[in-house]
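Me: Please take a close look at one part of this model. I would like the aromatic pair and its surroundings, then the core.

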Amino acid sequence: MTPPYEAHTAIHALMRGETLPREWMAELAMTTEIDLSYSRYTDLAPLAGLTALQTLGLDRCQATDLAPLAGLTALQTLGLNDCQATDLAPLAGLTATIYR
């Protein structure tokens, strides 16, 4: 039996590389806002498939490679204040407002 979906639990499990129930992945695929500020995640690749994201908070995150975010074309707001990443070139194709 699949446990009830809880967004916070699901996104952190995804970021840790855990295999999620199909139902949870379907819910995550429709998620429009995620805040991972102050997290210690260094790999943003798990976010690459969440193409419905409109707002993403990564303030003070540990990630250095923003390339996995390049395909998130629905993003409107991206928070990168005090983020470890310094190269914003992978985000050049996005129209999101980026806060640094």
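The reply below starts with the pair and moves on to the core.

Reply: A caution comes before the details: this is a predicted model. The structure holds one aromatic pair. Its members are Y5 and W24, with ring centres 6.1 Å apart. The ring planes meet at 80°, so the pair is edge-to-face; the cut-off for that class is over 60 degrees. The pair links distant parts of the chain. Y5 sits in the segment before α1, while W24 belongs to helix α2. The two are 19 residues apart.

W24 has a relative accessibility of 9% and counts as buried. Y5, at 29%, counts as partly exposed. The limit for buried is under 20%, so W24 falls inside it.

T31 touches Y5, A52 and L53, leaving aside residues up to four places away in sequence. T31 lies in the loop between α2 and β1 (33-35). T31 is buried, with a relative accessible area of 16%.

Now the core. The largest nonpolar core has 30 residues. Those with the most contacts inside it are I11, L47, L56, L58 and L69. Helices α1 (7-15) and α2 (22-29) each supply at least two residues of this core. The most comes from α1, which gives five residues. For I11, the contacts are L28, I34, L36, L47 and L50, again not counting residues up to four places away in sequence.

Terms used: Residues numbered from 1 in each chain as written. Predicted model: local features only at pLDDT ≥ 70, side-chain atom pairs only at ≥ 80, totals over all residues. Heavy atoms only, no water. Core = buried A, V, L, I, M, F, W, Y, C linked by side-chain atoms within 4.5 Å. Buried < 20%, exposed > 50% of the residue type's maximum accessible area, 1.4 Å probe, protein only. Helix = DSSP H or I, 4+ residues; strand = E, 2+ residues; numbered from the N terminus. Contact = heavy atoms within 4.5 Å. Phe/Tyr/Trp six-rings, centres within 6.5 Å; stacked < 30°, edge-to-face > 60°.
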